[in-house]
Amino acid sequence: MTTPYWTLASKLLALCTVVSLAGCGDAEVDGPSGGVAGGGSADPEAIRPFTIAIADNVLTDLRERLSRTRLADQIPGTGWDYGTNRAYLEELLTYWEDDFDWRAQEERLNQFDQFKTAIDGLDIHFIHQRSEVEGAMPLLLMHGWPGSFVEFAELVGPLTDPAAFGGDAGDAFHVVVPSLPGFGFSGKPTETGYNPERIADVMAALMERIGYDQYGVQGGDWGAIIGRVLAGNHSDHVLGLHSNFILAGPPPGSTDPNAGVPVAEQELRAERAAAFASGRAYQQIQGTKPQSLGYGLNDSPAGLAAWIVEKFHAWSDNDGTVESAFTKDELLTNITVYWVTETITSASRIYYENSNVRSTRPVGFIDVPTGAAVFPKEISFTPRVWAEARFNIVQWTVMPRGGHFAALEEPELLVDDVRAFFRQLRE
């Protein structure tokens, strides 16, 4: 069997990494969020080691703001009908102020190899966790909103070292998990235009700079949308696209959108559309006036938590109790990333850019082999016949449970499906 390109690239990259890290020099503070990056290179396009280290004063300020929270009133008995339930929010905020241990989460996240590099004028933060397995396939994992790179924390180990988690070493990946532009520890765009097309180009440039010419792509939410554009515009580099958020309209030229769609799929699509309808106003706000919204969310941790946790409650498979899908620590680690990096406004702008910036290279049919993981409580459902008219679907998995935040909700199901899909492309 011919040695895969990514194996050769990995060997070269390992050597380059040793050389570059040898000259890192002393660490320096990287911005107000307190991140620490290697300070030995003056070249912003160099791949620089990065460690999360939020300044103490940022965390002190957070606790002080939480202690002064002024909650809105709520009509008794309305639960989550009008938005985030006050009783649950109060409970979550109390835990955030008194019990949540950000330093423990920093330590957990800093176990991964993290870096920054400047692409398209922005510092891009990413995890690059290499597998020790010979011939491991590079895999790009992309998050969405209101998520972050931390969604994939439980996937990194099983994907890079499957044998240690009861899997087959032949399913190993070199894992790359970026923070999208404007999200988390990546830079905030200072100009308009960062729509999915431009972000896809940034991701392609990132993988090229790391040293991977061919790689797999996986994503949900905006990560899935960007992944589709990446597969369409950079198909010579994308080995396969795995999505847990397949979006597609009726087949082109179809006069009956339900032609060929099983009744069960028609019913699921209608049910998911109805469930999402009462909570979609955020799209209009973030797609038109994200700046106005951002002032409040960036200034109030209570407001930020309420805005984000409402989506985790509404979009997950939880039977009405958000903590049946996520722990408080999982929710607050993600929310705290937004808070300490002050990126809720810059992250929300992706909706505006997507609505207002025209693509220069519209994507048509995706020839790249595509795998779909269909979770029952996803915010929308695309019938398979619709998806097959837009993607080269080679795997379609209907999951027994789970919702929009698959990597957090059902990491084992997602890992198994990713392994099965890319296994076909290794042969």
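Modeller: Helix 11 is mostly covered, with twelve of its 14 residues buried. Buried means under 20% relative accessible area, exposed means over 50%, and partly exposed lies in between, with a 1.4 Å probe and protein chains only. Helices (H or I, at least four residues) and strands (E, at least two) are DSSP runs numbered from the N terminus.

Colleague: Before we continue, what kind of model is this, and how are residues numbered?

Modeller: This is a predicted model, in which local features need pLDDT of at least 70 and side-chain atom pairs count only at pLDDT 80 or more, while totals for chains, interfaces and linings use all residues. Numbering starts from 1 along each chain as its sequence is written, and side-chain values use heavy atoms, leaving out hydrogens and water.

Colleague: Which residues of helix 11 are buried?

Modeller: Among them are Pro 301, Trp 307, Glu 310, Lys 311, Phe 312 and His 313.

Colleague: What span should helix 11 have, and how far apart are its end C-alpha atoms?

Modeller: At 1.5 Å a residue, the 14 residues of helix 11 (residues 301-314) should span 20 Å, and the end C-alpha atoms are 20 Å apart, which agrees. The expected span is 1.5 Å times one less than the number of residues.

Colleague: And what is Pro 301 in contact with?

Modeller: Leaving aside neighbours within four places in sequence, Pro 301 is in contact with Leu 62, Arg 65, Leu 66, Leu 93, Trp 96 and Trp 339; contact means heavy atoms within 4.5 Å. Pro 301 has 3% relative accessibility and so counts as buried.

Colleague: Now the rings. How many aromatic pairs are there?

Modeller: The structure holds 18 aromatic pairs. Rings of Phe, Tyr and Trp (its six-membered ring) pair if their centres lie within 6.5 Å; planes under 30 degrees apart count as stacked, over 60 as edge-to-face and the rest as tilted. One of the pairs joins Phe 149 and Phe 185, which are edge-to-face at 6.2 Å centre to centre with 70 degrees between the planes.

Colleague: Where do Phe 149 and Phe 185 lie?

Modeller: Phe 149 lies in the loop between strand 6 (137-142) and helix 5 (153-160), and Phe 185 in the loop between strand 7 (173-178) and helix 6 (196-210), so the pair ties together parts that are 36 residues apart in sequence. Both Phe 149 and Phe 185 are buried.

Colleague: What about Tyr 282 and Tyr 351?

Modeller: Their ring centres are 5.6 Å apart and the planes stand at 80 degrees, so this pair is edge-to-face. Tyr 282 is in helix 9 (residues 281-288) and Tyr 351 in helix 13 (residues 344-356), so parts 69 residues apart in sequence are tied together. Tyr 282 is buried at 4% relative accessibility, and Tyr 351 is buried at 7%. Ring pairs link both tyrosines into a cluster whose members include Trp 145, Trp 222, Phe 276 and Phe 312.

Colleague: Which charged residues lie over a ring face?

Modeller: Arg 198 lies over the face of Tyr 194, at 4.0 Å from the ring centre, and Arg 426 lies over that of Phe 173, at 4.5 Å. A charge sits over a ring if NZ of Lys or CZ of Arg is within 6 Å of the ring centre and within 35 degrees of the ring normal.

Colleague: A change of topic: what does the side chain of Glu 197 reach?

Modeller: The side chain of Glu 197 reaches the backbone nitrogen of Arg 361 at 2.7 Å. Glu 197 lies in helix 6 and counts as buried at 8% relative accessibility. Setting aside neighbours within four places in sequence, Glu 197 is in contact with Val 229, Asn 233, Ser 359, Thr 360 and Arg 361.

Notes: Polar contact = N/O pair within 3.5 Å; in protein donor to acceptor, adjacent residues only side chain to side chain.
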